[in-house]
Amino acid sequence: MIHITVDGEPVAGIAGQTVAGILLAAGRSAWRTTRSGAPRGVFCGIGVCFDCVVTVNGVPDVRACRRRAADGDEIRTQTREEDA
């Protein structure tokens, strides 16, 4: 087992899972918003579309479907909303 935080909340996962896999297993289907406020999560699942980007340990725009989670990772959801 590994433990990460997502927007400050603890979430458990299994070693080798991607960040997206852990988020989906935790019941989250979206973790980013577009400029219009539309929710986004995994779309292609292979790192082509950039819909699933998150901030990992302070690094923005990390594709959650491609990044294997590591114990202690700090994940932050992202927003591109014009008012944010």
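Relative accessible area under 20% is termed buried, over 50% exposed, and anything in between partly exposed (1.4 Å probe, protein chains only). The model is predicted, and local features are reported only at pLDDT of at least 70, side-chain atom pairs only at pLDDT 80 or more, whereas totals for chains, interfaces and linings use all residues. Residue numbers start from 1 along each chain as its sequence is written, and side-chain values use heavy atoms, with hydrogens and water left out.

**View 1. Overall fold of the chain.** One helix and eight strands make up the secondary structure of the chain; helices (H or I, at least four residues) and strands (E, at least two) are DSSP runs, numbered from the N terminus. Along the sequence these elements occur in the pattern β-β-α-β-β-β-β-β-β. With a radius of gyration of 12 Å, close to the 12 Å that the globule rule gives for 84 residues, the chain is as compact as a globular protein of that length. That radius is taken over C-alpha atoms, and the globule rule is 2.2 Å times the number of residues to the power 0.38. Taken along the principal axes, the C-alpha atoms fill a box of roughly 35 × 25 × 25 Å. Buried residues account for 35% of the 84 in the chain. Of the contacts (heavy atoms within 4.5 Å) between residues at least 6 apart in sequence, 38% join residues at least 24 apart.

**View 2. The largest nonpolar core and the surroundings of Ile4.** A nonpolar core is a set of buried Ala, Val, Leu, Ile, Met, Phe, Trp, Tyr and Cys residues joined through side-chain atoms within 4.5 Å. The largest such core has 17 residues, and those with the most contacts inside it are Ile4, Val19, Trp31, Val54, Ala64 and Ile75. At least two residues of this core come from each of β1 (2-6), α1 (19-25) and β5 (53-56). The greatest contribution is that of α1, with four residues. When neighbours within four places in sequence are left aside, Ile4 is in contact with Glu9, Pro10, Val11, Ile22, Ala69, Ala70, Asp73 and Ile75. In soluble globular proteins, nonpolar side chains tend to be buried together.

**View 3. Thr34 in the loop between β3 and β4.** Thr34 is placed in the loop that runs between β3 (32-33) and β4 (39-40). Its relative accessibility is 15%, so Thr34 counts as buried. The side chain of Thr34 makes a polar contact of 3.0 Å with the side chain of Ser36. A polar contact is a pair of N or O atoms within 3.5 Å; within protein, one must be able to donate a hydrogen and the other to accept it, and residues adjacent in sequence count only if both atoms are side-chain atoms. Gln17 is 17 residues from Thr34 along the chain, and the C-alpha atoms of the two are separated by 25 Å.

**View 4. Thr55 in strand β5.** Thr55, in strand β5, is buried at 15% relative accessibility. The side chains of Thr55 and Gln78 are joined by a polar contact of 2.8 Å.

**View 5. Salt bridges.** The whole structure holds five salt bridges, each defined as a side-chain nitrogen of Lys or Arg within 4 Å of a carboxyl oxygen of Asp or Glu. One of them pairs Arg32 with Asp51, the closest N and O atoms being 3.2 Å apart. This pair links distant parts of the chain, with Arg32 in strand β3 and Asp51 in the loop between β4 and β5, 19 residues apart. Arg32 is buried at 12% relative accessibility, as is Asp51 at 15%. A network of salt bridges links Arg32, Arg40 and Asp51. Another salt bridge joins Arg67 and Asp73 at 2.7 Å, N to O; Arg67 is partly exposed at 25%, whereas Asp73 is buried at 4%. Glu74 and Arg76 also meet in a salt bridge (3.2 Å, N to O), and Glu74 at 38% and Arg76 at 34% are partly exposed.

**View 6. Cysteine residues without disulfides.** Zero disulfides are found in the whole structure, a disulfide being a pair of cysteine sulfur atoms within 2.5 Å. The cysteine sulfur closest to that of Cys44 is in Cys49, and at 3.7 Å it is too far for a bond. Cys44 is partly exposed, with a relative accessible area of 31%. Cys65 is likewise in no disulfide, the nearest cysteine sulfur being that of Cys52, 3.7 Å away. Cys65 is buried, at 12% relative accessibility.
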